[in-house]
Amino acid sequence: MSGRRAHMGMSVTISAATEQDAEQIFRLQYLCFQREAALYGNYRIDPLVQTLDSVREEVTRDCVFVARLGDEVVGSVRGSATEDGAAAIGKLCVHPRLQGHGIGARLLRAAESALAGQHGAKRFRLHTGHRNEGNLRLYRKVGYETVGTSQGADGIPMIVLEKPAGTYAATA
């Protein structure tokens, strides 16, 4: 096992999610967002109360990507085009045992390039909880900048970050 562990980041593939993935995404999301909920002492945050049917709907309607290690879904992200040309990216999660391998950044890139390519997005926008240092670090590292704050439906203060499209077009 120890030999395989070193290569874990390498053998992870990123692809568009299919309806068959909905259940694994649902379970992964539940696992990953426990930590976020604990940060705020609020277990009613959206990713934890979302139903499996609702996840299934997002997979068919939105731009959803998954990271796979063999047959296991170990990461996912959602993107959707919005009215004002700034595509929304959200619910980025990577399995706790696989964090720190750059999988989150690869998922973000996949979502960004699909949203720009297929939906003509000019900007990308995402929200993260104000205490979520890890996420903030990742988003800033890949070019997002804080543009404001908002209040989540669950009452948690969120930081809103944006980035212009095209920053990665050449390398995607």
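This is a predicted model: local features need pLDDT of at least 70, side-chain atom pairs count only at pLDDT 80 or more; totals for chains, interfaces and linings use all residues.

Student: Is V64 buried or exposed?

Tutor: The general idea is to compare the relative accessible area with a cut-off, where buried means under 20%. V64 counts as buried because its relative accessibility is 4%.

Student: Which residues is V64 in contact with, leaving aside its neighbours within four places in sequence?

Tutor: With those neighbours set aside, the list shows what the fold brings to a residue. For V64 the contacts are S15, A16, A17, I25, E58, V59, V77 and R78. A distance between C-alpha atoms is another kind of reading, and for V64 and A22, which are 42 residues apart along the chain, this separation is 10.0 Å.

Student: How many bridges join β2 to β3?

Tutor: For a pair of strands, one reads the direction, the number of bridges and the connection between them. β2 and β3 run antiparallel and are joined by seven bridges, with F65 standing opposite V77 in β3. The two strands form a hairpin with two residues between them, and G70 in the turn has a positive phi of about 65°.

Student: In which sense do β3 and β4 pair?

Tutor: The pairing of β3 and β4 is antiparallel and extends over five bridges, and here G79 stands opposite I89 in β4. These strands also form a hairpin, in this case with five residues between them, and the turn contains G85, whose positive phi is about 80°. As for covering, seven of the nine residues of β3 are buried, so that strand is mostly covered.

Student: Which residues touch the most other members of the largest nonpolar core?

Tutor: A core can be read by asking which members have the most partners within it, and then which elements supply it. The largest nonpolar core holds 30 residues, of which F65, I89, L107, L108, Y139 and Y144 touch the most other members. At least two residues of this core come from each of β2, β3 (72–80), β4, α5 (103–119), β5 (123–129), α6 (133–141) and β7 (157–164). The largest share, eight residues, is supplied by α5. Apart from this core lies another one, of 18 residues, including I25, C32, L48 and M158.

Student: What does F65 touch, not counting residues up to four places away in sequence?

Tutor: The partners of F65 include G75, S76 and V77, as well as L107, A110, A111 and A114, and they also include I14, S15, A16 and A17.

Student: Which residues are linked with R78 and E58 in a network of salt bridges?

Tutor: The network links D46, E58, R78 and K91. K91 is found in strand β4, residues 86–94, and it is buried, because its relative accessible area of 18% falls under the cut-off of 20%. The side chains of K91 and D46 are joined by a polar contact of 3.4 Å. Leaving aside neighbours within four places in sequence, K91 is in contact with residues including Q29, F33, P47, Q50, E58 and R78.

Student: Where do E72 and R97 lie?

Tutor: The side chains of E72 and R97 meet in a salt bridge of 2.7 Å, N to O. E72 lies in strand β3 and R97 in the loop between β4 and α5, so the pair ties together parts that are 25 residues apart in sequence. E72 counts as partly exposed at 27% relative accessibility, and R97 is partly exposed with 35%.

Student: Are E112 and K163 buried or exposed?

Tutor: Both E112 and K163 are buried, and their side chains meet in a salt bridge of 3.1 Å, N to O. E112 lies in helix α5 and K163 in strand β7, so this pair ties together parts that are 51 residues apart in sequence.

Definitions and conventions. Residues are numbered from 1 along each chain as its sequence is written. Side-chain values use heavy atoms; hydrogens and water are left out. Buried means under 20% relative accessible area, exposed over 50%, partly exposed in between (1.4 Å probe, protein chains only). Contact means heavy atoms within 4.5 Å. Helices (H or I, at least four residues) and strands (E, at least two) are DSSP runs, numbered from the N terminus. A polar contact is a pair of N or O atoms within 3.5 Å; within protein, one must be able to donate a hydrogen and the other to accept it, and residues adjacent in sequence count only if both atoms are side-chain atoms. A nonpolar core is a set of buried Ala, Val, Leu, Ile, Met, Phe, Trp, Tyr and Cys residues joined through side-chain atoms within 4.5 Å. Two strands pair if DSSP finds at least two bridges between them. A salt bridge is a side-chain nitrogen of Lys or Arg within 4 Å of a carboxyl oxygen of Asp or Glu.
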